[in-house]
Amino acid sequence: MPEVTIQIGGRGFDVSCQEGEETFLHSAAKMLDDEAQVLSDQIGRMPESRMLLMAGLMLADKAAGTEDRIMALEAKLAEVEAELHTLRNMPQPEPERIEVAVVPPSVTDTLAELAARAEALASVVEERSAR
């Protein structure tokens with residue numbers, strides 16, 4: 001079982017841990033040391049046991065706040081997943097019926113006749129202007 005020396009609040013502590021957990025222990029010790037440093041900066045020198053207690057309580061408070069946020073986010077995620085499930089399982093909407101106006105043949109015939117007359121008039125105008 002490896003023994004690791006960690007620094008918290010400027011003090012060294014020899015701690016044993018399981019093989020391979022040294023990195024995690026150093027990471028946890030760094031978090032505790034950061035909290036102890038905040039206390040030291042605010043309050044100054046204090047007994048070791050009090051410093052560790054206060055630093056541990058500050059970390060526990062942060063952890064509790066994080067757990068509350070995680071629970072709220074998990075609840076929101078469950079709500080969104082339920083809504084997504086509902087939307088995915090909804091029946092497809094009925095196709096929308098769109099009616100397109102049909103132009104009666106008499107209108108197209110009349111338009112064709114008007115176009116022919118306009119072209120004839122244009123030809124007459126061109127002939128007269130060419131003279």
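Author: Leaving aside residues up to four places away in sequence, Glu 35 touches Ala 55, Met 58, Leu 59 and Lys 62. Keep in mind that the model is predicted. Glu 35 sits in helix α1, which covers residues 22-43. Is Glu 35 buried or exposed? Its relative accessible area is 6%. The cut-off for buried is under 20%, so Glu 35 counts as buried.

Now the charges. The protein chain carries 25 negative side chains and 12 positive ones. The centres of these two sets are 9 Å apart. Glu counts as negative and Lys as positive. The contact list of Glu 35 includes one Lys, Lys 62.

Next, the order of elements. The protein chain has three helices and two strands. From the N terminus they run β-β-α-α-α. The radius of gyration is 42 Å, well over the 14 Å that the globule rule gives for 131 residues, so the protein chain is more spread out than a compact globule. Along the principal axes, the C-alpha atoms fill a box of roughly 115 × 50 × 35 Å.

Contacts and surface come next. Take contacts between residues at least 6 apart in sequence: 31% of them join residues at least 24 apart. The accessible surface of the protein chain is about 11000 Å². Carbon and sulfur atoms account for 58% of that surface.

Last, the strands. Strand β1 spans residues 3-8. Its covered face holds Val 4, Ile 6 and Ile 8. Glu 3, Thr 5 and Gln 7 make up the uncovered face. Strand β2 spans residues 11-16 and pairs with β1 in the antiparallel sense. Six bridges join the pair. Glu 3, on the uncovered face of β1, stands opposite Ser 16 in β2. Two residues lie between the strands of this hairpin. There, Gly 9 takes a positive phi near 60°.

Back to the starting point. Glu 35 is a buried residue within helix α1, and its partners in contact include Met 58 and Leu 59.

Methods
Residues are numbered from 1 along each chain as its sequence is written. This is a predicted model: local features need pLDDT of at least 70, side-chain atom pairs count only at pLDDT 80 or more; totals for chains, interfaces and linings use all residues. Side-chain values use heavy atoms; hydrogens and water are left out. Helices (H or I, at least four residues) and strands (E, at least two) are DSSP runs, numbered from the N terminus. The radius of gyration is taken over C-alpha atoms; the globule rule is 2.2 Å times the number of residues to the power 0.38. Contact means heavy atoms within 4.5 Å. Accessible areas come from the Shrake-Rupley method with a 1.4 Å probe; for residues, only the protein chains shown count as cover. The place of a charge is taken as NZ of Lys, CZ of Arg, CG of Asp or CD of Glu. Buried means under 20% relative accessible area, exposed over 50%, partly exposed in between (1.4 Å probe, protein chains only). Two strands pair if DSSP finds at least two bridges between them.
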